Amino acid sequence: MQQKTKLFLQALKYSIPHLGKCMQKQHLNHYNFADHYYNRIKLKKYHLTKCLQNKPKISELARNIPSRSFSCKDLQPVKQENKKPLPENMDAFEKVRTKLETQPQEEYEIINVEVKHGGFVYYQEGCCLVRSKDEEADNDNYEVLFNLEELKLDQPFIDCIRVAPDEKYVAAKIRTEDSEASTCVIIKLSDQPVMEASFPNVSSFEWVKDEEDEDVLFYTFQRNLRCHDVYRATFGDNKRNERFYTEKDPSYFVFLYLTKDSRFLTINIMNKTTSEVWLIDGLSPWDPPVLIQKRIHGVLYYVEHRDDELYILTNVGEPTEFKLPPWACGFIMDTNSDPKNCPFQLCSPIRPPKYYTYKFAEGKLFEETGHEDPITKTSRVLRLEAKSKDGKLVPMTVFHKTDSEDLQKKPLLVHVYGAYGMDLKMNFRPERRVLVDDGWILAYCHVRGGGELGLQWHADGRLTKKLNGLADLEACIKTLHGQGFSQPSLTTLTAFSAGGVLAGALCNSNPELVRAVTLEAPFLDVLNTMMDTTLPLTLEELEEWGNPSSDEKHKNYIKRYCPYQNIKPQHYPSVHITAYENDERVPLKGIVSYTEKLKEAIAEHAKDTGEGYQTPNIILDIQPGGNHVIEDSHKKITAQIKFLYEELGLDSTSVFEDLKKYLKF
């Protein structure tokens with residue numbers, strides 16, 4: 001599924017306020033538009049890029065540098081004793097391993113963002129927002145700016161940090177693991193930093209500086225998981241706080257992004273398939289925002305800026321569709337070429353596309369990356385492909401110990417997601433490492449519906465093509481077994497949130513493929529959820545699952561794969577479900593209904609089967625709090641691992657001893 005990235009450079013001359021009015025009245029015609037505003041220049045050029053390979057996730061648009069570990073164990077930061085510097089001639093991998101081995105266990109507790117601005121690094125240390133000079137960031141020499149305990153929250157942590165252009169203020173969004181609600185605090189930086197203001201339920205936020213050198217904070221307000229309102233505020237002697245944009249369509253959400261050069265603030269209005277972007281001039285933030293392109297169903301685009309040029313990444317547009325004026329220049333780039341040759345990626349907020357080389361026949365090993373675990377140097381990373389029912393080749397990533405023998409007798413943990421065009425998470429987690437060290441095989445199935453192979457890969461696994469994802473998952477597991485990776489009696493499956501749709505569907509369609517399943521906050525009752533428009537995300541997610549309330553075709557199709565709707569008396573694998581009491585994204589009611597119905601079906605099947613039938617275990621673990629997924633919950637991690645080992649009849653002594661190295665019990 002190779003596609004081309006087309007990059008067009010076109011000069012545009014226009015004035016900001018007039019542009020907004022013009023583009024609201026008529027559909028964008030690039031040639032006429034450039035011709036009309038040739039003499040009204042503020043931006044010299046814009047670049048229009050077609051890229052069907054990837055689209056960004058909101059989290060990837062954040063401009064944070066790599067994360068820092070911290071613990072909320074103490075109220076105030078604790079200065080550590082000076083440590084001996086590592087030898088300069090030590091191998092890089094050895095340095096990493098030495099640091100990890102000497103870290104306190106609690107440093108794996110929470111991962112915190114940090115932001116570099118000017119000559120300082122801003123981050124969280126203990127339960128405080130702090131900053132240190134860039135060259136002293138690793139020397140524990142920092143200035144405390146704000147104590148999070150003042151907010152009276154249970155184990156608060158900083159989710160996002162933004163610093164005002166002249167470093168007069170810093171804004172930080174603070175959350176807890178028990179809730180998705182957040183508070184944005186504004187700290188005035190001085191000899192004695194003080195909290196200037198706080199705003200509840202802030203989603204995204206950015207700073208700009210107006211013509212009078214006054215810092216202006218733009219932020220979005222989130223209510224019931226819906227983000228529709230944009231505000232701007234100033235502080236100090238000239239305090240003001242006003243709402244200046246409200247999105248009327250409930251199926252869209254709004255987020256803010258500051259271009260990398262801080263020249264423009266973009267208001268991004270999006271749903272799963274369509275977007276609209278407004279520009280706010282960073283030099284004139286009180287002027288009306290400028291519309292780039294009115295929303296058109298099925299058209300996604302994102303905007304970046306550099307050197308008086310706008311770069312627009314979009315999923316539509318062929319060369320014949322745009323009448324380029326004589327003074328424009330352009331070229332076509334094939335994504336098979338070196339991505340370094342694409343100038344768009346130098347300034348885009350969007351990460352470069354992934355370049356897969358799936359070449360060979362069904363089930364054959366086509367690439368061994370040669371990567372080793374940088375800590376233990378004992379892991380092998382493989383890439384496989386499986387042929388789905390329709391002949392589509394589905395990529396997989398497999399991890400196992402280099403010295404493992406007879407892989408067919410090793411336990412296998414399969415990961416799947418396959419929704420919203422999101423990539424399957426393969427980030428480092430301590431529990432994943434200890435499983436590999438204990439001989440497990442970890443397999444990640446990049447099925448359709450995800451984003452690993454671009455927008456078309458997502459489109460081929462949503463709405464009335466959702467069953468493609470299920471077919472891909474079945475093919476992946478069968479291919480793994482066929483290639484000698486484990487066997488059904490030692491195979492387990494894990495998924496969270498929307499990944500529960502495919503995992504739950506597999507339990508109904510091919511339960512013999514797996515022995516046990518762990519689900520976290522799983523989406524299992526698709527039909528009833530999508531018919532309930534009072535739920536906060538139903539309208540926003542119609543583009544992913546369909547509208548069963550008004551479209552009979554969508555309703556009948558959802559019935560074919562919905563985990564809850566297809567439970568029947570048959571054999572099932574054992575299932576461990578972690579749910580959260582006040583989860584707004586996946587209501588507890590649907591998970592409880594699924595669990596009860598599944599237990600009833602299993603009991604009926606056991607009755608018909610007779611004596612000697614080993615009834616699978618169905619466990620529902622309801623955790624307190626209102627968050628959706630809590631990655632760092634030690635209780636959840638240990639409960640899931642205990643469940644997997646017991647179901648497979650494995651000794652878990654060594655794995656829990658290893659976990660203690662990373663998790664504080």
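Ala, Val, Leu, Ile, Met, Phe, Trp, Tyr, Cys and Pro count here as nonpolar, Asp, Glu, Lys and Arg as charged, and the others, Gly among them, as polar. The model is predicted, so local features need pLDDT of at least 70 and side-chain atom pairs count only at pLDDT 80 or more, while totals for chains, interfaces and linings use all residues. Residues are numbered from 1 along each chain as its sequence is written, and side-chain values use heavy atoms, with hydrogens and water left out.

Rolling a probe the size of a water molecule over the atoms shows where empty space is left. Two or more lining residues come from each of β26 (412-415), α5 (430-437), β28 (491-496), β29 (516-520) and α13 (634-648); helices (H or I, at least four residues) and strands (E, at least two) are DSSP runs, numbered from the N terminus. The most, five residues, come from α13. By class, the lining has ten nonpolar, five polar and seven charged residues.

Aromatic contacts are next. A pair of aromatic rings is described by the distance of the centres and the angle of the planes. Rings of Phe, Tyr and Trp (its six-membered ring) pair if their centres lie within 6.5 Å, and planes under 30 degrees apart count as stacked, over 60 as edge-to-face and the rest as tilted. The structure holds 17 such pairs. Tyr444 is buried at 2% relative accessibility, whereas Phe399 is partly exposed at 21%; buried means under 20% relative accessible area, exposed over 50%, and partly exposed in between (1.4 Å probe, protein chains only).

Tyr557 and Tyr561 also form an edge-to-face pair, with 5.9 Å between centres and 65 degrees between planes. Both lie in helix α11 (residues 552-561), four residues apart, so about one helical turn separates them. Tyr557 is buried at 11%, and Tyr561 is buried at 3%. Elsewhere, ring pairs link Tyr169, Phe199, Trp207, Tyr219, Phe221, Tyr231 and Phe235 into a cluster.

Rings also take part in contacts with charges. A charge sits over a ring if NZ of Lys or CZ of Arg is within 6 Å of the ring centre and within 35 degrees of the ring normal. Arg232 places its charged end over Phe244, 4.4 Å from the ring centre, and Arg295 lies over the face of Tyr252 at 4.5 Å.

Some loop residues remain. Lys152, in the loop between β7 (143-147) and β8 (156-163), has a positive phi of about 60 degrees although it is not a glycine. Lys152 is exposed, at 74% relative accessible area.
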